[in-house]
Amino acid sequence: MFRRFMPHILVVVALLTVGLSGCNELLGNALVDLRFRLNKHPASGEIAVVTIDPGSIEALGIWPWPRTTHARLLDQLQRAGVRDVAFDVDFSSPSDAAGDRAFQDALQNAKGAVVLPAFRQLNGTQQGTAIHVNRPLPQFEQLAWSALVNVEVARDGRVRSYAFGEYCEYGHDRTFVQSFGAFLAGSSAVKDSSFLIDYGIDPSSLPKVSYVDVLRGNPDALAAIKNKRVIVGATAIELGDYYSVPNGRVLPGVVLQALAAESILQHRTLLKTTTVATVAALLLIVVVMLASWRRLSAARRGLLIVLIGVGIETIALVLHDRYALVLDTSLLQIALVAYLTATALDEIDFRGLLRHVAESRFERIAMSIGDGLVCTDQHQRITVWNPGAVAIFGYGADEIIGQPFARLRADCAADDLFPREEAALPATLLPGGASVEFDGRRKDGEVFPVEASFSAWHGADGLQYGVILRDISLRKREAERIRYLAEHDTLTALINRNTLQTELAAMIETADGAADRVVLLVIGLDAFQHINDMLGHSFGDSVLRAAAERLRAEIGRMGRVARLSGDEFAVAIPCSAIGGTVAELAEHLGRLFDAPLEAAGRQQRVKVSLGVAVHPEGGHTADELLSNAHLALCRAKTDGRSSHVIFESAIRQQLEQRLTLEAELALAVERHEFELFYQPQVDLLSGRVIGAEALIRWRHPTRGLVPPGDFIPVVNTSPLSEAVATWVMATACRQAREWQLAGQEVRVGVNLSPSQFQSGDLAAFVSKLLTVTGLSPGLLELEVTEDILLHDEPGVLQTFNRLQALGVSLVFDDFGTGYASLSYLKKFPLDGLKIDRSFVRDVLTQTDDAAIVGSTVSLSKQLGLSVIAEGIENQATAEFLLRLGCEQGQGYHFGKPMPAAEFEQRFLQMEETRQAGAA
């Protein structure tokens, strides 16, 4: 009884084994591939491919190309009259600004007829790994469609299925994104299901034109794509965008996308039949075999099995051709093969058959992979040579099979690379063999780097070897280029900051061992920003290159020259190589720039400042040395340009004190520790208070009232300047308004800060402040110093005119202490000036001061300007100034700066009492 059903049990066991292991998938794929070969048909011609081929790369340069090139291509495509354009090129990260802007303009002109790629990739997070969708840059995506370009690679390494699209998470939204092929085919289906690509469509029938031909406006190329949907992508093998597809072919990704679109266009979106159909067919085969097993001879059973198999495949081919249905016949054919095996088990060399199947399977894999695959016999003579090896070395299979492997090597050696016989594992490949590199030689004689993985096994013909070969010349060039860019400044070809720090650390280590010292000079070009502003950044780059070349030629092999950033360079050199003192070296490098630089065909003079730090006094590590040299450079620029400063510990102490003070000042702003004091301004003739100058004071929580000279210079040169100046003006205006409402018309003087002219619209702010507070414009007097007038004469003049139009007074403070004060009286619309206290203090004893004050008062009256003398310390000085014609004064003789409440009590209430008594 058991023997009667043993063949059928064998079939069931075979089906269970194959079905559970998934091995039937390979047979199913092979059968589908056969149907593709039997059902060939051309493309529709509606989709054309613009190929980034070797000719385009040779013409346009190394990939990736600038986006300006893609913008020009898109313009050409629009002029050619294409319907839609799809770019299989990554636009998800920024390029240079000009290229991005050009491509954005081209998208704007295309008016939405362009699709750009989006692709899914792994996004590692702290919680785990998620799928992230890389989309085109927002400015591109606003002007174009986006579609997914991801393709699913099956377990056998081939691309078979293709999705209509996919639902993707964008923030909290779940949006359907079409695939590239669905977009090109004009499909409106909103479903995330997949279909099998019809590889019966002949890829060679797709219209193809070269990227460079379209870019150059070749008439034949433009005519070939007119009124077509166009997809642009890489077909050059060196760009690596290739996929294995059925029937042992390797297709570029762009052609794969086009075939998917053609499948949709031709209604050839192949779908697999259900499992129910397969199970029903299996049951039918078992029933037929049960009924005929004892009635038919072995030969007739074999013939019946063959006919059933042919019939099944015929039905599958009809379904495939007419209804775009893929019937999985793998299990059916396996069942039939199992029945054939049971029938002819004694007549077939089963082991030979298995070996043949394995070899056939290996050959298909070898012929489909993109890498070069070479097999040799035990004498290292080539027996297998796949298309990947043809593409790498240039030899055809007929030229190289039977030749020694050494022919592929530049040094013609071979034995040292192959595993020894004792290392080979019986009937299997060596697991994870290490990769080695050697110099290969192409058919045309070119020598190039090759990466190879060697394996060995014992086969039917003895020891055999397998080698996977990869051309890594592009990888080597890119690695070298990346290393160079990481270590050098691209503008000047000098080493960059990171490389300098590494080499400086090595110099320090060498110097420590040889009892030597190392000097680091940081060199800054003075007023370089002015060169950029006046002559353009391009010329500025030429100046930087010329400066770098001069330094490199001077230092030579004695040390290292680096560009740190912007207009800063550095020279690191052992003291033993200087041949003099450090100061002499710094002076020599400074004089090196006395001669003009040759930049962009013209002579340009530049001056330099130098900061110097010497190891070990100026720092024990490279970081410390570089930091201290920078501090010394900052001091050199502050003390006076075109000089050098050697680092001392006092420089860092002063900086730390300033940083501490800046931090305390920032807290003072937050904690409202600033106050306004008011110093009276009086009419010298009547003694009546006519105004007050608002002066800032800092009441520190532990140090009490901090002298203005200790913090005002820091405020004026820190980021706090504008905020503090704005607070001073607003507070002074509110106080003046309170006095005005109380019946006291007190003019309040406020000192302006340069930051108020640099960061905003001062006139608009003053206008708004007067409106908000309600203060009469005539009661606000703004005091300006020469450093404000030097900032931007046209801009300052315009601001002054607007302020005067508001009714606000403008007074020149510290008159006589600058370089061009008299010219400013002519240029700017001023209402008055304040004579600096340095002239007033000794006016009674110094005839020169008296002459200057008298001349200033006389000049002011002729120009119609009011005059206030600062620093009046006694009545005699006030009377003398009155005799000179000065009618207003300010100083400790009348009152020191004081809080608003004290000012009111001493001067305003006294004035009210005096007026009441007079009434």
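Guide: Two residues are said to be in contact when they have heavy atoms within 4.5 Å. The model shown here is predicted. Let us begin with aspartate 567, which lies in the loop between β23 (560–565) and β24. When its neighbours within four places in sequence are left aside, aspartate 567 is in contact with Ile523, Gly524, Leu525, Phe528 and Leu544. Isoleucine 47, by comparison, is 520 residues away from aspartate 567 in sequence, and the two are 53 Å apart in space, C-alpha to C-alpha.

Helix α21 spans residues 582–591, and its buried residues are Val582, Leu585, Ala586 and Leu589. These four cover an arc of only 100° around the axis, and therefore they are on the same side of α21.

Helix α23 comprises residues 649–671 and helix α24 residues 708–716; they pack at an angle of about 85°, with their axes 10 Å apart. Because of that angle, α23 is roughly perpendicular to α24. On the side of α23, the contact is made by Arg658, Leu661, Glu662 and Leu665, while α24 contributes Asp710, Phe711, Val714 and Val715. By class, the contact of these two helices has five nonpolar and three charged residues, with no polar ones.

Key:
Residues are numbered from 1 along each chain as its sequence is written. This is a predicted model: local features need pLDDT of at least 70, side-chain atom pairs count only at pLDDT 80 or more; totals for chains, interfaces and linings use all residues. Side-chain values use heavy atoms; hydrogens and water are left out. Axes are lines fitted to C-alpha atoms, for helices over the stretch in contact, and angles run from 0 to 180 degrees between N-to-C directions. Helices (H or I, at least four residues) and strands (E, at least two) are DSSP runs, numbered from the N terminus. Angles under 35 degrees count as roughly parallel, over 145 as roughly antiparallel, 65 to 115 as roughly perpendicular and the rest as oblique. Ala, Val, Leu, Ile, Met, Phe, Trp, Tyr, Cys and Pro count as nonpolar, Asp, Glu, Lys and Arg as charged, and the others, Gly among them, as polar. Buried means under 20% relative accessible area, exposed over 50%, partly exposed in between (1.4 Å probe, protein chains only). The arc is that of the directions from the helix axis to the C-beta atoms.
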